[in-house]
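Please keep the sequence and the structure at hand while reading.

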Amino acid sequence: MENTKYHYVIAEDESLIRRNIIKKLESLNLPLQKAGEAANGEEAIQLIEKYCPQLVITDIRMPLCDGLEVVKYLYNNYPSTKVIILSGYDDFSYAQKAIQYSVEDYLLKPVSRDTLSESLQKILIKMENESDKLNVYNTKDAALSPEALSQLVQKYLLENYQQEISFQELGEKFGFTPEYLGKIFKKYAGETPSKYLTKLRMNEAKRLLINELDMEIQKIGELVGYKDGFYFSRVFKSYTGMQPSEFRLQNGLAASHGNR
């Protein structure tokens, strides 16, 4: 962690509290660097969009847009960003909502230096482990065989198919052109990366449609990497010959009857 600086944004509407927390953070001598500070949730979201920080520390109650809105925004747009919520309110309902959005920690104000340090140490270890995993995909300096490269691309798609994937960015990640990656992948996997990705997504969509009968179809689309519900339905019909609703009606009901 010594050579890596993780950027953070802090959101707190009371300037004295905000400065005090920043002062404590700086005194801890951790590999953290402030990207920006906000006095409300709207400012926090603007800073998040600008700096894409690895960590956000936010108060729960702020004007214009509160901390839970910031947390929800991060959950939907930057799911890998870690979040610590600060609150002067010992209210379990807030904690429950925070947990729903995968918040790392929920600290009551005033936050002591030791409590802040303990929380941050755990988060930094988690971020370091995640960073190490990402290094597996950094092939620019590695002498990989074409087959090993194809296997790495396949592994990446398997682990990230639920996210938006740009093949241009995929090429940059692996240090090769998208055309070269596609050629190598097709040679060893038997299909293009695009077709393989679609297959992964459609298979998971079919599984969810059959087994999660109460889940909305648009939500299923989001879970398999399609933010646009109409586009998901179009791809699904092209792949299966049926709309998601038709597939669910035909196969979901059959599965439910089979379990009786």
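## Surroundings of Y239

Once neighbours within four places in sequence are set aside, Y239 is in contact with T198, K199, M202, N203 and K206. The model is a predicted one, and in it Y239 belongs to helix 11, which covers residues 229-240. The C-alpha atoms of Y239 and M202 are 7.5 Å apart, although 37 residues separate the two along the chain.

## The chain as a whole

The chain holds 12 helices and 5 strands, and of its 260 residues 39% are buried. Of the contacts in the chain with a separation of 6 or more, 63% are between residues 24 or more positions apart. The chain exposes about 15,100 Å², and carbon and sulfur atoms supply 47% of that area.

Helix 1 runs over residues 15-27, and its 13 residues reach 18 Å from the first C-alpha to the last, which is close to the 18 Å expected at 1.5 Å a residue. Its buried residues are R18, I21, I22 and L25. Seen down the axis of helix 1, the buried residues fall within an arc of 100 degrees, and therefore they line one face of the helix. An α-helix has 3.6 residues a turn, so residues three or four places apart point the same way.

The face of helix 1 turned away from the buried side carries L16, R19 and K23, which are exposed. Just after helix 1, the residue N29 takes a positive phi of about 55 degrees.

## Helix 6 and its packing partners

Helix 6 (residues 146-160) has 15 residues, and its reach of 21 Å from first C-alpha to last is close to the 21 Å expected at 1.5 Å a residue. Buried in helix 6 are L149, S150, L152, V153, Y156, L157 and N160. These buried residues fall within an arc of 160 degrees when helix 6 is seen down its axis, so they line one face of the helix. The buried residues of helix 6 pack against three further helices, namely helix 7 (167-174), helix 8 (178-189) and helix 9 (193-211).

E12 is placed in the loop between strand 1 and helix 1, and it counts as buried because its relative accessibility is 0%. The side chains of E12 and K109 are joined by a polar contact of 3.0 Å. Leaving aside neighbours within four places in sequence, the contacts of E12 are I17, R18, A38, A39, D59, M62 and K109, and R18 is also one of the buried residues of helix 1.

P110 is found in the loop between strand 5 (105-108) and helix 5 (113-135).

## Positive phi in two loop residues

C52 has a phi near 45 degrees, which is a positive value in a residue other than glycine. C52 lies in the loop between helix 2 and strand 3 (55-59), and, at 45% relative accessibility, C52 counts as partly exposed.

S102, likewise not a glycine, has a positive phi of about 60 degrees. The position of S102 is in the loop between helix 4 and strand 5, and S102 counts as partly exposed because its relative accessibility is 46%.

Conventions: Residues numbered from 1 in each chain as written. Predicted model: local features only at pLDDT ≥ 70, side-chain atom pairs only at ≥ 80, totals over all residues. Heavy atoms only, no water. Helix = DSSP H or I, 4+ residues; strand = E, 2+ residues; numbered from the N terminus. Expected span 1.5 Å × (residues − 1). Buried < 20%, exposed > 50% of the residue type's maximum accessible area, 1.4 Å probe, protein only. Arc of directions from axis to C-beta. Contact = heavy atoms within 4.5 Å. Polar contact = N/O pair within 3.5 Å; in protein donor to acceptor, adjacent residues only side chain to side chain. Areas by Shrake-Rupley, 256 points an atom, 1.4 Å probe, with all protein chains shown as cover.
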